[in-house]
Amino acid sequence: MHMSAQSGQPLNPGSSTGSMEWNPDMIRSIVSDLKAKPGSLLPILHAIQDWIGFIPPDAVPLIAEALQQTRAEVHGVISFYHHFRTTPPGSHVVQVCRAEACQAMGGRALEQHVRQRLAVDYHQTTADREITLEPVYCLGNCACAPSIRVDDSIHGRMTPEKFDRLTEQLTTSTLELK
Amino acid sequence: MTTKIYVPCDTTALSLGADQVAQLIEQQAAEQGGDIEVIRNGSRGLCWLEPLVEVDAGQGRVAYGPVEPHDVAGLVAAGLLEGKSGHDLWLGNIEDHPYLERQQRLTFARIGITDPLSVDDYRAHGGFDGLARAAGMEPQGIVDEVKTSGLRGRGGAAFPTAIKWQTVHDQPWQQQKYIVCNADEGDSGSFADRLVMECDPFMLIEGMAIAGLAVGATQGYIYLRSEYPVAQKMLNEAIARAEAAGYLGGNVCDSGRAFHLEVRLGAGAYICGEETSLLESLEGKRGLVRAKPPLPAIVGLFGQPTVVNNVLSLAAVPFILAQGGEAYANYGLGRSRGTLPVQLAGNIRRGGLIELAFGVSLKALLEDFGGGTATGRPMKAVQVGGPLMAYLPESQWDTPMDYEAFAAIGAGVGHGGVVVFDDSVDMGEQARFAMEFCTVESCGKCTPCRIGSVRGVEVIDRIRAGENREANLGLLEDLCETMVDGSLCAMGGMTPFPVQSVMKHFPDDLAG
Ligand SMILES: Cc1cc2nc3c(=O)[nH]c(=O)nc-3n(C[C@H](O)[C@H](O)[C@H](O)COP(=O)(O)O)c2cc1C
Ligand code: SF4
Ligand code: FES
Ligand code: FES
């Protein structure tokens, strides 16, 4: 396999979940790049979240205006989908699979461990703003359960011990800087 | 001669360190001055052996697995670069592995063998033969070939694919029509769609292009769940390469006809796997289920005639066009023709993809292929076909895998995912989860589903806490019936199935 670089998506190398800083021009440029596509709202929302890390509520009027929809319509779409968030996430997003195949391999105990270890519940971010925890319902890795996703990588045959090592690796680079 | 070393690049292999394994092998080979080339192939679907490393040093593809990064040094010392036996992880020639040898791979004939993004590899293994043939056929001839194959939709509802195509074909041709691939693969236990997209993406592209030629659609969309980042990259790259090679675009395979293809990402909503919710989502809206009729085949995406098919349905089409519908229909039994890709998952020793003609018993899959549970404890329950399907107790494991036999016991084959639980499972908790899942994923359009599932969780909690047990069990039964009868789609309409199966087959667990 030889992969060429992904085109189109502006990526911020410094942080895995986007840049967090945003201004209206960023939104306008994404919208004008994509709005000609039929059914462009989801691609636009994805592009914004990939770049900025979340969909700022103040972006909604800009999107609505460009697509000639009401703010309520745009907001309704954002709130319908679990993937979209309207507040900034931590430096990393950790998703724990809650679905059946993972349950069958100790997924519930793993969920418990992760919440305790990070001292947060789902949809929350750790106090040091390192990790946002989200549930997910199947990552398609069901024969090597349980699984979690950290940003864009999936980790199978997860155990509490492996999880602790993984979170240490995730946070060391930042700790060293402090 | 350069030794070829294959390290898979699908999500499962990557989730267990395949990138690092590939890197370490290259490093060690460089240190030893070995003449090797590392190829990132797809997975063969023998998931319990991932990462599965194969070495071709001139004597076929000798495999080792599961190879995690910390195993590499020991393996190289034991002669991995020469394909030597002796190490515990040595598996011999992979093509002779009984798990593979006993399968009938028509759709998955190439996975794991080829480089998923190599057009040349794909063609060398029969790829694009079906499209080349279709390009020279009358559209009706293509539909007829699919009709002969007996192919039924693999996404869950098992609707005959050719009837759907015929409906779209019969709509006037002077209008925009669409092919939409349902790649939302939301069912736990399912990963066959992902394997197609990550390990043989040209097969899906080819199937969609053939569908386009058959019904007169010039635009296709793959609606891909956002949980599949690897599949997204593979598909986008494969589409670009297929376009460059003339298999997509303005003149498909010199047919003089156009077919364009684009990947669109979902956003973490299980209900968007339901075809009308999916179409709403593609249109940029909330994924609210539409009432049917009108059928999507007549009023579909942006109001136009649309074929919506599952990944596996479309992936079966290139074989059918290349080898003929008859060749496909020769497999299977009764009204279930062809092969079913089964996915063994959960608490199972040898989990993976098993493609076989319809008719094999569930038990044979669990035992002969699966080898029992991963934990070594007795099996207690098996859920076939996703979160909306019944939990099957041991007495039902003799059922043959075919649509009618499963329907006869109030179950379903669904998308072919099989999730195994050992005897440590609390089936009351599973029943509760079925309702909870519906509270999270309901689109909210109808009350029995939106509110009923919330009540369902509450009632199950009360039963498990021993509050007014008899009365609450009666209430749960009524609630299940209301949801089955009163829901607009199968989300609310089938969520009761796993719950009812627990009430019937595992009543002691529910009592808590
Ligand atoms: C709640 C719900 C979820 C569904 N999820 C999927 C899915 O993830 N993938 C899929 O192919 N079909 C799914 N379906 C079935 C689709 O509605 C539809 O039947 C299918 O896409 C048709 O394609 P096929 O005929 O090729 O199977 C789902 C149905 C329901 C009710
Ligand atoms: S049954 Fe549930 S998911 Fe289906 S339309 Fe009604 S509310 Fe939506
Ligand atoms: S159920 Fe967890 S990855 Fe599929
Ligand atoms: S409709 Fe699903 S959360 Fe409101």
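Where in chain A is the place of A:His123? I found A:His123 in the loop between α6 (107-118) and β2 (124-125) of chain A. Helices are DSSP runs of H or I with at least four residues, strands are runs of E with at least two, and both are numbered from the N terminus.

**Conventions.** I worked on a predicted model, in which local features need pLDDT of at least 70 and side-chain atom pairs count only at pLDDT 80 or more, while totals for chains, interfaces and linings use all residues. Residues are numbered from 1 along each chain as its sequence is written, chains are lettered from A and ligands numbered from 1 in the order in which they are written, and side-chain values use heavy atoms, with hydrogens and water left out.

**Backbone of chain A.** I looked up phi for A:His123 and noted a positive value near 70° in a residue other than glycine. A:His123 is exposed, with a relative accessible area of 58%. The classes are buried under 20% relative accessible area, exposed over 50% and partly exposed in between, for a 1.4 Å probe and protein chains only. I also noted A:Arg157, not a glycine, with a positive phi of about 40°. A:Arg157 lies in the loop between β5 (153-155) and α7 (160-177) of chain A and is partly exposed at 24%. For context, most residues other than glycine have a negative phi, and most peptide bonds are trans.

**Cis peptide bonds of chain B.** I recorded a cis bond joining B:Glu50 and B:Pro51, with omega about -10°. B:Pro51 belongs to the loop between β2 (36-39) and β3 (53-56) of chain B. A cis bond also joins B:Pro293 and B:Pro294, with omega about 0°; B:Pro294 is in the loop between α12 (275-282) and β9 (306-310) of chain B.

**Domains of chain A.** The assignment gives domain 1 (24-80) and domain 2 (92-171); such bounds come from an automatic or database domain assignment. I read 29 Å between the C-alpha centres of domain 1 and domain 2 of chain A.

**Sheet of chain B.** I traced an open sheet of five strands in the order β13-β12-β16-β14-β15, with mixed pairing. Its edge strands are β13 and β15 (391-392) of chain B, each pairing on one side only. Two strands pair if DSSP finds at least two bridges between them. Strand β12 (residues 339-346) of chain B has eight of its eight residues buried, so the rest of the structure largely encloses it. Six bridges join β12(B) to the antiparallel β13 (residues 352-357), and the two form a hairpin with five residues between them. B:Leu340 stands opposite B:Leu356 in β13(B). With β16 (residues 417-422) of chain B, β12(B) pairs in the parallel sense over four bridges. There, B:Leu344 faces B:Val418 and B:Gly346 stands opposite B:Val420.

**Helix α9 of chain B.** Which residues of α9(B) are buried? They are B:Ala192, B:Asp193, B:Arg194, B:Leu195, B:Val196, B:Met197, B:Glu198 and B:Cys199. Helix α9 (residues 192-199) is therefore largely enclosed by the rest of the structure.

**Ligand 2.** I listed the 13 residues around ligand 2; B:Cys443, B:Lys445, B:Cys446, B:Cys449 and B:Cys489 come nearest (near means a heavy atom within 4 Å). The shell divides into eight nonpolar, four polar and one charged (Ala, Val, Leu, Ile, Met, Phe, Trp, Tyr, Cys and Pro count as nonpolar, Asp, Glu, Lys and Arg as charged, the others, Gly among them, as polar).
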